[in-house]
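Biologist: I'd like to learn how to read a structural model feature by feature. Could you walk me through one?

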Amino acid sequence: IRQSLAFIGVALIAFATCMASPSAAALSLEGKSRDLLFSLPVSARTVLLAKAAPAFLLGTCTAIPFTISYAIVLRIGALGWIATLCAALIFPAFSGIFGIYPRYDWTNEMQVIKNGTPTAIMIFFSLIFTFGTAFVCFRFGLWGAIGAIGLALALCVIFFKLMKKQTLFI
């Protein structure tokens with residue numbers, strides 16, 4: 001049971017990092033000053049990754065200490081350490097990149113957070129993804145954790161590739 005709990009840590013990391021991504025709101029808050037973004041001599045990918053970076057940094061800075069303390073308290077083996085450390089790096093990246101869907105048609109700042117479709121989609125999908133991660137980690141142990149981490153990594157790569165084609169014009 002101790003090894004099963006070790007891989008539930010992967011699901012806890014996914015839940016904690018994917019449910020609090022500021023990247024969706026970061027682009028939406030540019031709103032009225034988006035002309036400044038268009039005038040920069042950088043690609044859209046650079047701007048979008050700059051907006052995703054805080055989500056990655058905040059998620060990683062909280063997930064790594066959790067991973068270390070969780071692994072020490074449960075005395076998990078090497079595979080548990082590897083799985084939880086990979087999750088602590090990959091899930092915040094997934095959260096930051098997935099949260100980038102610019103929305104510029106707001107009238108006040110509260111609409112971005114409360115009624116923002118991109119934020120709602122990201123949180124809803126993250127909720128489904130994290131509960132699915134918890135289920136497969138509990139049911140399949142190591143293979144479930146590897147599958148969840150692999151799926152998050154694959155989605156990161158896909159969103160990163162799609163970001164190359166994205167423009168900032170609405």
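Biologist: Let me start with two phenylalanines: are F94 and F129 buried or exposed?

Modeller: Burial is judged from relative accessible area: under 20% is buried, over 50% exposed, and in between partly exposed (1.4 Å probe, protein chains only). Here F94 is buried, and F129 is buried too. F94 has a relative accessibility of 1%, so it counts as buried. Before we go on, note that this is a predicted model, where local features need pLDDT of at least 70, side-chain atom pairs count only at pLDDT 80 or more, and totals for chains, interfaces and linings use all residues. Residues are numbered from 1 along each chain as its sequence is written, and side-chain values use heavy atoms, leaving out hydrogens and water.

Biologist: What does the secondary structure of the protein chain come to?

Modeller: Helices and strands are DSSP runs numbered from the N terminus; a helix is H or I over at least four residues, a strand is E over at least two. The protein chain has eight helices and zero strands, so the order from the N terminus is simply α-α-α-α-α-α-α-α. Of its 170 residues, 43% count as buried. The chain exposes about 9,200 Å², with carbon and sulfur atoms supplying 74% of that area, as computed by the Shrake-Rupley method with a 1.4 Å probe and only the protein chains shown as cover for residues.

Biologist: How many aromatic pairs are there?

Modeller: Rings of Phe, Tyr and Trp (its six-membered ring) pair if their centres lie within 6.5 Å; planes under 30 degrees apart are stacked, over 60 edge-to-face, and the rest tilted. The count comes to three aromatic pairs. In one of them, the ring centres of F94 and F129 lie 5.1 Å apart with planes at 35°, so this pair is tilted. The pair links distant parts of the chain, 35 residues apart: F94 belongs to helix α5 (residues 78-98) and F129 to helix α7 (residues 117-140). Ring pairs also draw F91 into a cluster with F94 and F129.

Biologist: Which residues does F94 touch, not counting those up to four places away in sequence?

Modeller: Contact means heavy atoms within 4.5 Å. F94 touches C18, F125, F129, A152, L155, C156 and F159. Several of these lie in α8, whose buried residues include A152, L155, C156 and F159. Across the protein chain, 85% of the contacts between residues at least 6 apart in sequence join residues at least 24 apart.

Biologist: How many residues has helix α4, and where does its kink lie?

Modeller: The expected span of a helix is 1.5 Å times one less than its number of residues. Helix α4 (residues 44-74) has 31 residues and reaches 43 Å from first C-alpha to last, close to the 45 Å expected. A bend is the angle between axes fitted to the seven residues ending at a position and the seven starting there. In α4, a kink of about 30° lies at A52, shortly before the proline P54. Further along α4 is T60, which counts as buried because its relative accessibility is 11%. Beyond its neighbours within four places, T60 is in contact with P65, A88, L89 and P92.

Biologist: What is the phi of R75?

Modeller: Most residues other than glycine have a negative phi. R75 has a positive phi of about 50° although it is not a glycine. R75 sits in the loop between α4 and α5, and because its relative accessibility is 64%, it counts as exposed.

Biologist: How many disulfides does the structure hold?

Modeller: A disulfide is a covalent bond between the sulfur atoms of two cysteines; here the test is a pair of cysteine sulfur atoms within 2.5 Å. The structure holds zero disulfides. C61 is exposed at 55% relative accessibility, whereas C156 is buried at 7%.

Biologist: Where is W81 placed, and which residues is it in contact with, leaving aside neighbours within four places?

Modeller: W81 is in helix α5, and it is in contact with I68, A71, I72 and I76. At 28% relative accessibility, W81 counts as partly exposed.
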